[in-house]
Amino acid sequence: MPKIDERKLENYANKLYKGLLKKYKEKLQKNTTFSFNLFLEQEKKPERESLTDGQKSKVRKNCENKCVICGKRYKDPHEFQYHHVDGNSTRTLIRNLVLLCNRCHRKVHSEARVKLKEYKVRNRDKLQRQGLLGDFGIASTPKVGIPDVQLKPLDLDELLFGSSGKKTTKRKSTAKKKGK
Ligand SMILES: [Zn+2]
Ligand SMILES: [Zn+2]
């Protein structure tokens, strides 16, 4: 299996991340209550293969008939995809398209998603202040386990007034008798 060029992978993941971030911010501006899960689902959809055969062959030629990340040779069309560099699948410009093998394509998208998620976690407070957080798909901060210690209920009267003091609340009858 051809080796993945990590720097190229990072480069494409960054470009995709920037595109996703832009798209994400635009969506947030448009609709603050929009569901991020819906957004994610849209991202997961395979890219619309609205490319013409001519466009595809141009992209392949530009990419020298190989995956631009690992260099795998283009043979079986099922093992390759045409990736929109900026993640905008409506921008089917040749310069916004590269040939990627399925494996590298998956990696680019998953790395970009991780970056986007990190961005949201980093900016959580800011986004929340702006009312832009919405349903973010970020798991809430994990709760730190608190040991299950059973504390005795405090006797307020006892604390404030001592056992023989005035009482603001009813106390046990034995204590009452004692106090009088
Ligand atoms: Zn590849
Ligand atoms: Zn893609």
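Reader: Which residues touch the most other members of the largest nonpolar core, and which elements each supply at least two residues of this core?

Author: This is a predicted model, and its largest nonpolar core holds 20 residues. Those that touch the most other members are Leu-16, Cys-67, Leu-99, Leu-100, Val-108 and Ala-112. As for the elements, at least two residues of this core come from each of α1 (6-30), β1 (80-84), β2 (97-101) and α4 (102-122).

Reader: What does Leu-16 touch, if residues up to four places away in sequence are not counted?

Author: Leu-16 is one of the core residues that touch the most other members, and it is among the buried residues of α1. Leaving out residues up to four places away in sequence, the residues that Leu-16 touches are Val-85, Asp-86, Gly-87, Val-108, His-109 and Ala-112.

Reader: Which residues of α1 are buried, and how far does α1 reach from its first C-alpha to its last?

Author: The buried residues in α1 are Tyr-12, Ala-13, Leu-16, Tyr-17, Leu-20 and Leu-28, and what covers them includes α4. With 25 residues, α1 would be expected to span 36 Å at 1.5 Å a residue. The reach in the model, from first C-alpha to last, is close to that, at 35 Å.

Reader: How do β1 and β2 pair, and what stands opposite His-83?

Author: Four of the five residues of β1 are buried, and the strand is thus mostly covered. Over five bridges, β1 and β2 pair in the antiparallel sense. Opposite His-83 stands a residue of β2, Val-98.

Reader: Why is Leu-51 partly exposed, and how far apart in space are Leu-51 and Ile-94?

Author: Leu-51 lies in the loop between α2 (36-44) and α3 (53-62), and it touches Lys-56, Tyr-82 and Thr-92 when residues up to four places away in sequence are not counted. Leu-51 is partly exposed because 18 other C-beta atoms lie within 10 Å, whereas a buried residue needs 20 or more. Although Leu-51 and Ile-94 are 43 residues apart in sequence, their C-alpha to C-alpha separation in space is 9.8 Å.

Reader: Are Glu-64 and Asn-65 exposed or partly exposed, and what is phi in Glu-64 and in Asn-65?

Author: Glu-64 is found in the loop between α3 and β1, and Asn-65 lies in that loop too. Glu-64 is exposed because it has 12 other C-beta atoms within 10 Å, while Asn-65, with 14 C-beta neighbours inside 10 Å, counts as partly exposed. Each is a residue other than glycine with a positive phi, which for Glu-64 is near 55 degrees and for Asn-65 is likewise near 55 degrees.

Reader: In what order do the elements of the chain run?

Author: The secondary structure comes to seven helices and two strands. Read from the N terminus on, the order of the elements is α-α-α-β-β-α-α-α-α.

Notes:
Residues are numbered from 1 along each chain as its sequence is written. Chains are lettered from A and ligands numbered from 1 in the order in which they are written. This is a predicted model: local features need pLDDT of at least 70, side-chain atom pairs count only at pLDDT 80 or more; totals for chains, interfaces and linings use all residues. A nonpolar core is a set of buried Ala, Val, Leu, Ile, Met, Phe, Trp, Tyr and Cys residues joined through C-beta atoms within 7 Å. Two residues are in contact if their C-beta atoms, placed from the backbone, lie within 7 Å. The expected span of a helix is 1.5 Å times one less than its number of residues. Two strands pair if DSSP finds at least two bridges between them.
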